[in-house]
Amino acid sequence: MFPLAILPLPGELVPLHIFEPRYQQLLEEAEKHDISFGIFFNHTMNTSNAGSLVRLESIIKKYPTGESDVIVKCIDLFTLDTLYKVHQNKLYPAGLVDMWEVDIDREASVDLIHAYIHYLDLRRIKNHSKEFTNYQIVNELGLDFEDRLKFISFNDEKKEIFLLARLKYQKHLLLEAEKAKDVFHLN
């Protein structure tokens, strides 16, 4: 278990700089044994004890000091029941969790896909798929912690309503920024 003040969502790639010896040990085991590990969202607003199951995607750089820069990918979510300071004879913490078994491949609704493609068009992103999942869309929106916690707490129907509302807001911001270009003149 790796307590951090981040909450990766399924499908999201996250860069980490590993410097503490206990997490260097955890990373070494994840690499050597191809195991996943938990990132517990260590924040006061996390009253549901949510966390992210991640796996090591790549090691970007290893430093002579033992530190490293890595990319992990979130593959599921969990609820942390109990956190232990150390795992057996290891340096790093561990925990008992209930896995959520998130369906990361479940396609978004037609309405949500159309709204998302319109959003991508406004951002002038043309080379994209025509099929998207809720998690692909949510990971592109850069939600803050509070919105991430809200999103994961919703059922599938409410997730779509939430994403449609966020897309509408993002589109509004893009359109307002476009209008502002005509008002300001650079010297």
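## Basis of the description

The structure is a predicted model, in which local features need pLDDT of at least 70 and side-chain atom pairs count only at pLDDT 80 or more, whereas totals for chains, interfaces and linings use all residues. Residues are numbered from 1 along each chain as its sequence is written, and side-chain values use heavy atoms, with hydrogens and water left out.

## Overall architecture

The chain has five helices and six strands, where helices (H or I, at least four residues) and strands (E, at least two) are DSSP runs numbered from the N terminus. Read from the N terminus, the elements follow the order β-β-α-β-β-β-β-α-α-α-α, and the C-alpha trace spans about 60 × 45 × 30 Å along its principal axes.

Of the 187 residues in the chain, 38% are buried, a term that means under 20% relative accessible area, with exposed meaning over 50% and partly exposed lying in between (1.4 Å probe, protein chains only). Among the contacts (heavy atoms within 4.5 Å) with a separation of 6 or more, 59% are between residues 24 or more positions apart.

## Nonpolar cores

A nonpolar core is here a set of buried Ala, Val, Leu, Ile, Met, Phe, Trp, Tyr and Cys residues joined through side-chain atoms within 4.5 Å. The largest such core holds 42 residues, of which Val72 and Ile137 touch the most other members. Helix H2 (residues 110-122) supplies the largest share of this core, namely seven residues. Apart from this core lies another, of five residues, including Phe40, Leu53, Phe78 and Leu80.

When residues up to four places away in sequence are not counted, Ile137 touches Ala108, Leu112, Tyr116, Phe132, Leu163 and Leu167.

## Helix H5 and its partners

The axes of H2 and H5 (residues 156-181) come within 10 Å and cross at roughly 20°; such axes are lines fitted to C-alpha atoms, for helices over the stretch in contact, and the angles run from 0 to 180 degrees between N-to-C directions. H2 and H5 are therefore roughly parallel to each other, the label for angles under 35 degrees. In this contact, Asp111, Leu112, Ala115, Tyr116, His118, Tyr119 and Leu122 of H2 meet Glu160, Leu163, Leu164, Leu167, Gln170, Lys171, Leu174 and Leu175 of H5. By class, these residues divide into ten nonpolar, two polar and three charged, where Ala, Val, Leu, Ile, Met, Phe, Trp, Tyr, Cys and Pro count as nonpolar, Asp, Glu, Lys and Arg as charged, and the others, Gly among them, as polar.

Helix H4 (residues 145-153) also meets H5, their axes coming within 8 Å and crossing at roughly 145°. The contact is made by Asp147, Lys150, Phe151 and Ile152 of H4 together with Lys159, Phe162, Leu163 and Arg166 of H5, and it has four nonpolar, no polar and four charged residues. The buried residues of H4 are Asp147, Arg148, Leu149, Phe151 and Ile152, and they pack against strand S3 (37-41), strand S4 (50-62), strand S5 (68-84), helix H3 (134-140) and H5.

## Two positive phi angles

Although Gln88 is not a glycine, its phi is positive, at about 45°. Gln88 lies in the loop between S5 and strand S6 (94-99) and is exposed, with a relative accessible area of 65%.

Glu101, likewise not a glycine, has a positive phi of about 55°. Glu101 is found in the loop between S6 and H2, and at 66% relative accessibility this residue counts as exposed.

Key
Angles under 35 degrees count as roughly parallel, over 145 as roughly antiparallel, 65 to 115 as roughly perpendicular and the rest as oblique.
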